[in-house]
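The exercises below ask you to read a structure step by step, with a worked solution after each task. Please look at the sequence and the model before you start.

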Amino acid sequence: MTMDRKGLRPDQLKDMYRQLLYPRLIEEKMLILLRQGKISKWFSGIGQEAIAVGATLALQPDEWIMPLHRNLGVFTTRNMPLSRLFMQWQGMQEGYSMGRERSFHFGSREHHICGMISHLGPQLAVADGAALAYRLNAAPKVALAFSGEGGTSEGDFHEALNVAAVWDLPVIFLVENNGYALSTPVQEQFRCISIADKARGYGMEGITIDGNDLVTVYDTIKGVREYCIRYQKPYLVECTTFRMRGHEEASGTKYVPDALLDLWAQKDPIAQYEQQLVREQMLTEDAIISIRQVLKQEIEAELEKAAGGSTLIIDTAKELDAVYAAPGATHLPIVNSEMPSTEKRFVEAIRDALYQSLEKDADLVIMGQDIAEYGGAFKVTEGLAAVFGKDRIRNTPICESAIVGAALGLNLEGKKAVVEMQFADFVSVGFNQIVNNLAKIHYRWGQPANVVVRMPTGAGVGAGPFHSQSNEAWFVHTPGLKVVYPSTPADAKGLLMAAIEDPNPVLFFEHKALYRGISGPVPDEGYRVEIGKARQVQEGTDIAIITYGMGVIWAEDYAAAHPEISIELLDLRSLMPLDYTAIYTSVERAGKVLVLHEDTLTGGIGAEIAAWIGEHCFSMLDAPVLRCASLDTPVPFNTELEKNFLAKQRLEQSVEELLNY
């Protein structure tokens, strides 16, 4: 049978052979090192190399690829130094993640590779975001995301494909169908005849190809790339293949029938390609032996270079510093009392922040459900689409996970993103993207995540248990996230503008009852309130109330009704990072401390603050630190039950208990 060269020259075909063979030989060496205990784990791609190599060769080197843990060929074809890859796999400090991540769970901006997380599906939406950036910049590029056939059962697969289709994004979804997820065969995974059939349901094109034929993979992806760019559409490519080893080495392959292993061994992509090149007289058996020897020598040399890497030095301060990206230069002034101001409601202050940030930075994109013409559930973004256009004020399908992932993808291409959750409660559907993808990416491989997630939050409006939760404590526990919760219009504007400039992911909580419930002077021009700095609302010596959000309003009302009590009132404003200096000062001044918050009691931020005060301010205390919080129940719908639920109901009792101690 004559080889279909697809217009490729002999020198190109021979170079592709080297690219195909290289990861196989590396893997064979890695399996030896695994048995020697020099690496801890290995996810083998033996039998699937043609997909990673062919797809990577078909793309331009500056187009983002989102690979998985079996795509060594992506990394080698992008010419990443093998010595440093060895260091990565051995957990060495000079690896790409400096010992902080395993195997292929890392990325490299230089090589336009975005590292996966273990949850498999989230990288698909990140590709959406990179492709959106290409579209907005009118750049003739595509993003490509890998998935296994098992990953197509995840909700992230559905969300990412739906968003890509609805937004007409130039993204390629490449599914490696090797017949098994870990050990579960495809007939127990889905009922469609082929995964490519799923594409039709999203309004996109799809195709199934032989993933063990290098030239077919290369030619298909090259053509699909041109299609995606020309028509600004996504495309699904299913590559049939087989994994000749276990999911990872400890898994083995006992669940695979011997006949199936024998069948696919005959379809080995390297053996097939070698036979084709020999048959076409482009390579001889001697030449193949020579190429293998040269590549093996190169692998040994790179491994020796890796062995000469420096000894791991554990530096706690450096580890902590790596969690957050350092802030860059800013032209926004810190807020001051001399700035000309106008009386505005809380909602208007937030809209001001968004408007002025959009004006200032053409790379800022805002995404959320119904936020364009409709203006969002709370009309915060009303009017913005008319000024800045629907490309930048983007209505989204109902798919919180995909939109947060797309926000990260935008950031890969230097854009900033603000995501509006319709209600803070709904963030649970996008939780994985926030706590595992956004939060950890800088620590893992130094990639900033300039994403703000706006969170309309809080009770008091009779909305029941799924539209009223205070869930800020979910995120305070996660290293890598910043959590902000303003209580005044001026702080809402200044903190939001600061959050949009911050290179780290920020959860920005906005209490729904404050939107149109309070007003105050707001500086007219752009400014910032420093994240991590508390606001002293008033000084006092009898008792310190440390709080944030709606708690500030409750405390102010209580203080106004009890002028006989000298109340120190501290508005935290930022919950991560906390302003421990301000907390210390308030404790020192008053000696008695009440931590107040709308969130439920157990595991709330109040527990963390009380613990810190007990550890660092014990000698200054005149009484135990008390917490005043809402009941440990879901938020009830009936307004009388809701009043009883809220911490405000117990504020007076808590203050009296503390004063009488």
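**Exercise 1. The overall form**

Which radius of gyration does the protein chain have, and what would a compact globule with 661 residues have?

Solution. This is a predicted model, in which local features need pLDDT of at least 70 and side-chain atom pairs count only at pLDDT 80 or more, while totals for chains, interfaces and linings use all residues. Residues are numbered from 1 along each chain as its sequence is written, and side-chain values use heavy atoms, with hydrogens and water left out.

The radius of gyration is taken over C-alpha atoms, and the globule rule is 2.2 Å times the number of residues to the power 0.38. For 661 residues a compact globule would have a radius of gyration near 26 Å, and the protein chain has 28 Å, which agrees. As a next step, take the principal axes: along them the C-alpha atoms of the protein chain fill a box of roughly 100 × 55 × 45 Å.

Continue with the elements, where helices (H or I, at least four residues) and strands (E, at least two) are DSSP runs numbered from the N terminus. The protein chain has 25 helices and 19 strands.

**Exercise 2. Burial and contacts**

Determine what share of the residues is buried and what share of the contacts joins residues 24 or more positions apart.

Solution. Start from the cut-offs: buried means under 20% relative accessible area, exposed over 50%, and partly exposed in between, with a 1.4 Å probe and protein chains only. By this rule 59% of the 661 residues of the protein chain count as buried.

Next, a contact means heavy atoms within 4.5 Å. Among contacts in the protein chain with a separation of 6 or more, 79% are between residues 24 or more positions apart.

**Exercise 3. Two aromatic pairs**

Describe the ring pair Tyr227 and Tyr231, and then the ring pair Tyr355 and Phe388.

Solution. A pair of aromatic rings is described by the distance of the centres and the angle of the planes. Rings of Phe, Tyr and Trp (its six-membered ring) pair if their centres lie within 6.5 Å; planes under 30 degrees apart count as stacked, over 60 as edge-to-face and the rest as tilted. The structure holds 20 aromatic pairs.

In one of them, the ring centres of Tyr227 and Tyr231 are 5.1 Å apart and the planes stand at 50 degrees, so this pair is tilted. Both residues sit in helix α8 (residues 214-231), and because Tyr227 and Tyr231 are four residues apart there, about one helical turn separates them. Tyr227 is partly exposed at 23% relative accessibility, and Tyr231 is partly exposed as well, with 48%.

For Tyr355 and Phe388, the centres are 5.1 Å apart and the planes make 70 degrees, an edge-to-face pair. This pair links distant parts of the chain, since Tyr355 belongs to helix α13 (residues 346-360) and Phe388 to helix α14 (residues 384-388), 33 residues apart. Tyr355 is partly exposed at 30%, whereas Phe388 is buried at 16%.

**Exercise 4. Backbone features in loops**

Examine the backbone at Pro577, Met98 and Gln281.

Solution. Begin with the peptide bond from Met576 to Pro577, which is cis, with omega near 5 degrees; Pro577 lies in the loop between β17 (574-576) and α22 (580-590).

Then turn to phi. Met98 is not a glycine, yet its phi is positive, about 55 degrees; Met98 lies in the loop between α4 (82-89) and α5 and is partly exposed at 32%. Gln281, also a residue other than glycine, has a positive phi near 60 degrees; Gln281 is in the loop between α10 (269-279) and α11 (285-307) and is exposed at 74%.
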